[in-house]
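Please look through the sequence and the model before reading the notes.

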Amino acid sequence: MNRYLSGLLLCLAATTAHAAEPLTVCMSEDNAPLSYRTKGQVAGFDVLLARAIASDLGRELRVVPFESEVEKETMLTHEVNALLSAGICDLVSGFPLLASDLGAPTRERFKTPDYPGAKRQRDRPFVPLGTLVASRPYQGTALSIVQRPGQAPVRTLADLRGRKVGAVAGTLEGTLISMYRGGYLHTSMVSMGQREDAWAALDTGRVDAMLMTSTAVDARRLLQPASPVQLTDFQRSLGINLGFVALQGQTALLDATNRVITRSQTSGDLQRWATEAGLRLLPPAQPDVTSTLSLPALMAD
C-alpha cells in the first residue's frame, strides 16, 4: 500500500509540475498595437488575448519577443516555424492566415529569428521544421487612407486625384495607387523608397495622403498621439485574417485558443481589449484562411 501511495504521489506531482509550465507565446516586438516592446516588456492586444488563453488553460503566460530580419533570404513563415519547432514557444500570435504559409513547410530546416537568449545568427543551428496549423482568426486586416489636416474628405481612391499621393515602391499599397484605373493618379503620385519615413513625408507636406494598413495607422496613433495626420473614411478589407499558429499535434492547445477567441468575441472582451490596446478591431473576413489577394477587388470603387 505504501508503495502504491508513493507511486500515486509521484504521478500527481508530475502532473502538477506539467500543469504549472507557463504557456509560452512568441510575438513580434515591432507590430504595434498588436504586440510591441515598451519599457522592457511586451505590450499590446495580442498580450491581452494570450493572457486569457493561458488563464483558460490554468497556466501562467510567458511572452517571448522576436525580431524578424527583413531580408530577401529570410521568410517570416519559416522563422515562425523554427521558433515553434525548436520549442521556444507553444504559440505564435499575429500570423497572417494565408493558405500558402500553413501546412507542411517548403523547406526542411531554417534558423530562428532573434529572440532573448538566442545565439548569434552565425552560431544558430538550422532547426528541422514541422507543420503549421492555425487557430480561428481574431482580427481582420484593411487598408486605410491617411492625410494631412485641411484636406477634403476621401471615400474612394478617385478622390485622391489632384493631391500629392505617396506610393512606396515594391509595396501592395504603392502598387494599388500606381495601377488604379490604369494610372488615374499618376499625375500627382509621389514615388517613395521603402526606407523613407512615410509619416515624415506627411508631416512635412511632401505628400498630402497615403494608403496604409490599418495597424500602421493605429500604431501611429498609439505611439505618436499628437500627430496631426487624419484618418479618412476610406477603408478596404484586405481579406487576410490574423490568428495564432502552433505545430500539428497541439490539438488541445488550439482547441483552447479557439474557445477563448469565440467566447471573447461573444462577450465583448475582444472589443474591450482592442480599445485598451488602441487597436481598431476589424471583423475577420471569410474564409478564415485565404488563398490569394485580389488586386481588382482592392482597387474597385
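The notes below go topic by topic, from the disulfide to the backbone exceptions.

This is a predicted model, in which local features need pLDDT of at least 70 and side-chain atom pairs count only at pLDDT 80 or more, while totals for chains, interfaces and linings use all residues. Residues are numbered from 1 along each chain as its sequence is written, and side-chain values use heavy atoms, with hydrogens and water left out. Helices (H or I, at least four residues) and strands (E, at least two) are DSSP runs, numbered from the N terminus.

**Disulfide**

- The whole structure holds 1 disulfide, a term for a pair of cysteine sulfur atoms within 2.5 Å.
- Its partners are Cys26 and Cys89, with sulfur atoms 2.4 Å apart.
- Cys26 belongs to strand 1 (residues 23-28) and Cys89 to the loop between helix 3 and strand 6 (91-96), so the bond ties together parts that are 63 residues apart in sequence.
- The disulfide of Cys26 and Cys89 is left-handed, because the torsion about its S-S bond is about -110 degrees.
- Both Cys26 and Cys89 are buried; buried means under 20% relative accessible area, exposed means over 50%, and partly exposed lies in between (1.4 Å probe, protein chains only).

**Helix 3**

- Helix 3 spans residues 76-85 and is mostly covered, with 8 of its 10 residues buried.
- The buried residues of helix 3 include Thr77, His78, Glu79 and Asn81, as well as Val80 and Leu83.
- After helix 3 comes Gly87, which has a positive phi near 80 degrees.

**Nonpolar cores**

- A nonpolar core is a set of buried Ala, Val, Leu, Ile, Met, Phe, Trp, Tyr and Cys residues joined through side-chain atoms within 4.5 Å.
- In soluble globular proteins, nonpolar side chains tend to be buried together.
- The largest nonpolar core has 27 residues, and those touching the most other members are Leu23, Val25, Phe45, Leu49, Leu91, Phe244 and Trp273.
- At least two residues of this core come from each of strand 1, helix 2 (45-56), strand 15 (242-247), helix 7 (251-267) and helix 8 (269-277).
- With 8 residues, helix 2 gives the most to this core.
- A second, separate core has 18 residues, among them Leu160, Val165, Tyr180 and Ala209.
- Leaving aside neighbours within four places in sequence, Leu49 is in contact with Tyr138, Phe244, Val260, Ile261, Ser264, Leu270 and Trp273, where contact means heavy atoms within 4.5 Å.

- An open sheet is formed by 3 strands in the order 2-3-4, with antiparallel pairing; two strands pair if DSSP finds at least two bridges between them.
- Strand 2 (30-31) and strand 4 (41-43) are the edge strands, each pairing on one side only.
- Strand 3 (residues 35-38) runs antiparallel to strand 4 and is joined to it by 3 bridges.
- Opposite Tyr36 stands Ala43 in strand 4.

**Gln147**

- Gln147 is part of strand 10 (residues 142-147), and Gln147 counts as buried because its relative accessibility is 4%.
- The side chain of Gln147 makes a polar contact with the side chain of Arg163 at 2.8 Å.
- A polar contact is a pair of N or O atoms within 3.5 Å; within protein, one must be able to donate a hydrogen and the other to accept it, and residues adjacent in sequence count only if both atoms are side-chain atoms.
- A polar atom of the Gln147 side chain also lies 3.2 Å from the backbone oxygen of Ala152.

**Backbone exceptions**

- Most residues other than glycine have a negative phi, and most peptide bonds are trans.
- A cis peptide bond, with omega about 0 degrees, joins Ala32 and Pro33; Pro33 sits in the loop between strand 2 and strand 3.
- Gln286 and Pro287 are also joined by a cis peptide bond, with omega about 0 degrees, and Pro287 lies in the loop between helix 8 and helix 9 (295-299).
- Lys39 is not a glycine, yet its phi is positive, about 55 degrees.
- Lys39 lies in the loop between strand 3 and strand 4 and counts as exposed at 84% relative accessibility.
- Arg181, again not a glycine, has a positive phi of about 50 degrees.
- The loop between helix 4 (172-179) and strand 12 (189-192) holds Arg181, which counts as partly exposed at 49% relative accessibility.
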